[in-house]
Amino acid sequence: DVVVRELDREALRRMEVETARRERNARLDAERALADERTLRARIAALHDLSTALGAAGSTEAVAAAVVERLPRFERASAVSVYVLREGAAKLEAAAGFAPGALDAWTTLPLTRDTPLTNALRERRTVRIGDRAALRESVPEVEAPDGSWLAVPLLSREEPLGVLGVRFERE
């Protein structure tokens with residue numbers, strides 16, 4: 001009887017420990033879910049703000065300004081550039097988050113030039129560059145901080161209007 005009672009007590013202690021662990025994990029999961037929901041709500045609000053600003057933009061310049069102003073808040077972007085297609089080249093319309101002079105050599109990109117931005121425009125597809133090494137493979141003359149990049153074509157009825165360049169720094 002004494003051995004059985006001791007085994008029962010040990011089993012109860014293990015069950016208490018396991019129950020406490022499960023409760024703690026359930027609380028942590030609930031806290032994470034709440035934080036994820038808050039993040040999602042903030043992203044939706046920022047996207048709505050961007051969408052509203054884009055809808056009110058009356059010119060390409062206004063679209064570029066709205067994107068440059070709002071995108072970094074929306075997606076934790078560290079830098080953003082907007083190029084507009086003019087005369088067979090992508091011309092820098094607006095930018096934010098770059099070091100002074102960083103884009104001086106990149107104000108006009110002929111579509112014949114092989115860069116992620118021009119490739120996105122020509123191919124009408126998003127181009128993702130995962131890190132600085134991959135960016136240097138693509139464009140060896142670029143000096144950039146570590147991070148990842150997106151080049152997103154701006155299309156109207158499948159016709160290219162320009163391209164959005166976004167840099168995300170490593171966290």
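Predicted model: local features only at pLDDT ≥ 70, side-chain atom pairs only at ≥ 80, totals over all residues.
Colleague: What percentage of the residues count as buried?
Modeller: The chain has 171 residues, and 29% of them count as buried.

Colleague: And the secondary structure, how many helices and strands?
Modeller: There are four helices and six strands. Along the sequence they follow the pattern α-α-β-β-β-α-β-α-β-β.

Colleague: Of the contacts between residues at least 6 apart in sequence, what share join residues at least 24 apart?
Modeller: That share is 39%.

Colleague: On to packing. How many residues are in the largest nonpolar core, and which have the most contacts inside it?
Modeller: The largest nonpolar core has 15 residues. Those with the most contacts inside it are Tyr83, Trp106, Leu109, Leu117, Ala151 and Val163.

Colleague: Which elements give two or more residues to this core?
Modeller: Those elements are α3 (116-123), β4 (127-129) and β5 (147-156). Helix α3 provides the largest share of this core, with three residues.

Colleague: What is Leu109 in contact with, leaving aside neighbours within four places in sequence?
Modeller: Leu109 is in contact with Tyr83, Ala89, Ala90, Thr115, Leu117 and Thr118. Two of these partners, Tyr83 and Leu117, are also named among the core residues with the most contacts.

Colleague: How many residues are in the second core, and which does it include?
Modeller: The second core is separate and has twelve residues, including Val67, Val68, Ala77 and Val166. As a general point, nonpolar side chains in soluble globular proteins tend to be buried together.

Colleague: Changing topic: how many salt bridges does the structure hold?
Modeller: The structure holds eleven salt bridges. One of them joins the side chains of Arg13 and Glu10, at 2.8 Å from N to O.

Colleague: Where do Arg13 and Glu10 lie?
Modeller: Both are in helix α1 (residues 2-56), three residues apart, about one turn of the helix.

Colleague: Why does Arg13 count as partly exposed?
Modeller: Arg13 counts as partly exposed because its relative accessibility is 39%, and the partly exposed class runs between the buried limit of 20% and the exposed limit of 50%. Glu10 is also partly exposed, at 31% relative accessibility.

Colleague: What about Arg14 and Glu10, what is the N to O distance there?
Modeller: The side chains of Arg14 and Glu10 meet in a salt bridge at 3.8 Å, N to O. These two residues lie in helix α1, four residues apart, about one turn of the helix. Arg14 is exposed, with a relative accessible area of 52%.

Colleague: Which residue forms a salt bridge with Arg124?
Modeller: Glu159 does, and the closest N and O atoms are 3.7 Å apart. This pair links distant parts of the chain: Arg124 is in the loop between α3 and β4, while Glu159 is in strand β6 (residues 159-169), 35 residues apart.

Colleague: Are those two buried or partly exposed?
Modeller: Arg124 is partly exposed, with a relative accessible area of 35%. Glu159 is partly exposed too, at 47%.

Conventions:
Residues numbered from 1 in each chain as written. Heavy atoms only, no water. Core = buried A, V, L, I, M, F, W, Y, C linked by side-chain atoms within 4.5 Å. Buried < 20%, exposed > 50% of the residue type's maximum accessible area, 1.4 Å probe, protein only. Contact = heavy atoms within 4.5 Å. Salt bridge = Lys/Arg side-chain N within 4 Å of Asp/Glu carboxyl O.
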